Amino acid sequence: MLFKELGLSGEILRAVEEIGYEQATEIQAKTIPLLIEGKDVVGRSQTGTGKTAAFGLPAVESIDRNAGRIVQVLILCPTRELAMQACDEMSRFSKYMPWVKPCAVYGGADIERQITQLKKGANIIVGTPGRVMDHIRRNTLKLENLRTIILDEADEMLNMGFREDIEEILKYIPSERQTVLFSATMPPQIMAITAEYQHEPVVVGVQQKSRTVESVAQYYYEVPMGRKSDALQMLLLAFEPKLSMVFCNTKSMVDELTETLVSKGFKAAGLHGDMKQASRTQVLNAFRSGRINILIATDVAARGIDVDNVDAVFNYDIPQDNEYYIHRIGRTGRAGKSGCAYTIISGRRQAVELKDIACFTKAEITRCDLPARDDVIAKKTERVKEKVKDYISSGKYDSGYGELEKLTSEGYTAEQIAAVLLGMRIAKETRSVPEFIKPVFTPQGKKGRRTEGGASKIYISVGRAHRIAPNFILGALADATGFPGKSFGKIDIYDNYTTVEVPKSSEDFILESMQGQKINGHKITVRHYDGEKEAIRGRGGEKDYRNLPKKQGGSRKKSAGHTGHSDRERRKKRR
Ligand code: AMP
């Protein structure tokens, strides 16, 4: 549908045309006429659907130019980024309406400056609930003439604990008002707000196209425990996305991963809630301008970041909420472009979680093998050669001739020198390519079937002499592999080593995950255990424990001395 069919004024249509919107999106076509009519609306729609314009254009349209600079519209957003962006949008929409004065008020920024701005007069306020409440209490924001309140990303505001602030704010607003609510999900708490504070609301849903996010191709990679960072680097090096976002579940993981990527020479920066507003803005600006091209963020910090040309999203951690997955991958494939979402998983538990996400989103998430190390190296090598050729054709290499002559006068040939230099340069460029990552495949069998499909035995290089008990072994296995304890069979502890029955189909994965871990402070080695051969080698010994006590079967309890942390464990600690 065309914007001019929606009942918007000439000034707005001119601005919209200049911004470059041609057709109204579905949510815009459905909501704009209702909002212009003055109806209360519940819009079920996610970021990326054009919802900001859906409520923003009518909001701008509704400003009474003769009312002076009193606050007429209040837009509440969950985060400061979202508030800043929505406010910028209001300014863009009202470019030809000088009487419209938007103003953003959000936490983490100097309140005095906001007070000065409010004093100058604004008729559209865009803010976060806490800071808006703060201004109301200080009497620097007066809402007695407010005509429209818009709750943007209402579900997220409730998730962030803003319910009380929102309800308090609503008390300050005249009951004769238009109440508009946008939410990606409709949990009972949202329905309760709707029932209590809206008047005969019209519910507008858009096809939940983002449940399957058709414009985003979705892939996943299964990697051994502890190799996620390497896998991410391999993907970044192989695909070279121009602009990408990497999602982590915790602030500390954002910091850790940012540090790793920066140290490897990637142009990456982190974004999370603990950062000062100034540095968040700095990071976002750097990302928008492409000065950094990898943004590593938590879900909350990334909320509402409005960058259209993100071509890849990486889920470094599996999102804790299925909806988050949709939000995350919705950062790419926007504004008519296609994008890719890559999820990196380790261990059985994450495989199950991802399956659950695929089920929920009804999306096809295709399993892929990581790019081969040799291919990445070949690509980088090719780049070096291209660069050399570029230099030659540009003629910018005179400076090296002097030194070259000195070396050739010593008897070296120009060919030898060139080969050495090329080799050095290629070595430098490929030094940071991660080591080979062994492919893994976690079988998706049902839980609780001990070693079904045949058992194999593995050897672990610690035993009774190292004060090892079965729960130490089981804890280490469960942590390293993510498998539940009951996946493992009999544990036999000998003087100097231990054997464990494991599912044959997962033996390689288990060995890989366990290799080099520590149990009770002892670094272990593991390998396949072949009873007969071991007997010939004379490795047998007196058994200390035979069968595993039943109640420990499913336990994931960690033993005091065990130090093989899984990603999940680390995440929990940092939360
Ligand atoms: P939003 O859902 O409000 O976060 O908007 C997502 C992106 O779509 C933003 O970058 C908007 O600038 C863009 N957008 C909004 N409406 C339209 C439209 N009618 N045509 C093209 N792009 C749009």
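Predicted model: local features only at pLDDT ≥ 70, side-chain atom pairs only at ≥ 80, totals over all residues.
Student: Which strands stand at the edges of the open sheet, each with a single partner strand?
Tutor: The sheet is built from 7 strands with parallel pairing, and their order is β3-β4-β2-β5-β6-β1-β7. Because a strand at the edge has a single partner, one side of it is left without a neighbour in the sheet, and this applies to β3 (102-105) and β7 (202-205).

Student: About what angle does the direction of helix α9 make with that of β6?
Tutor: Within the sheet, neighbouring strands are turned by 15 degrees against each other on average, direction ignored. Helix α9 (residues 188-197) packs on this sheet, where it touches β1, β5 and β6, and its direction makes with that of β6 an angle of about 170 degrees.

Student: What is the handedness of the β-α-β unit that β3 and β4 make with helix α5?
Tutor: The two strands run parallel and are joined by 4 bridges, among them the one that pairs Pro 102 with Ile 124 of β4 and the one that pairs Cys 103 with Ile 125. With helix α5 (residues 111-120), β3 and β4 make a unit that is right-handed.

Student: How many residues apart in sequence are the parts that the pair of Tyr 221 and Tyr 342 ties together?
Tutor: This pair is tilted, with 6.2 Å centre to centre and 40 degrees between the planes. Tyr 221 counts as buried at 3% relative accessibility, and Tyr 342 is buried with a relative accessible area of 7%. Since Tyr 221 lies in strand β8 and Tyr 342 in strand β13, the pair ties together parts whose separation in sequence is 121 residues.

Student: Is the pair of Tyr 459 and Tyr 497 stacked or edge-to-face?
Tutor: Tyr 459 lies in strand β15 and Tyr 497 in the loop between β16 and β17, and both residues are buried. Planes under 30 degrees apart count as stacked; the ring centres here are 5.2 Å apart and the planes are at 25 degrees, so the pair is stacked.

Technical notes:
Residues numbered from 1 in each chain as written. Heavy atoms only, no water. Pairing = 2+ DSSP bridges. Axes fitted to C-alpha atoms, helices over the stretch in contact; angles between N-to-C directions. Contact = heavy atoms within 4.5 Å. Right-handed = clockwise from strand over helix to strand, strands pointing away. Phe/Tyr/Trp six-rings, centres within 6.5 Å; stacked < 30°, edge-to-face > 60°. Buried < 20%, exposed > 50% of the residue type's maximum accessible area, 1.4 Å probe, protein only.
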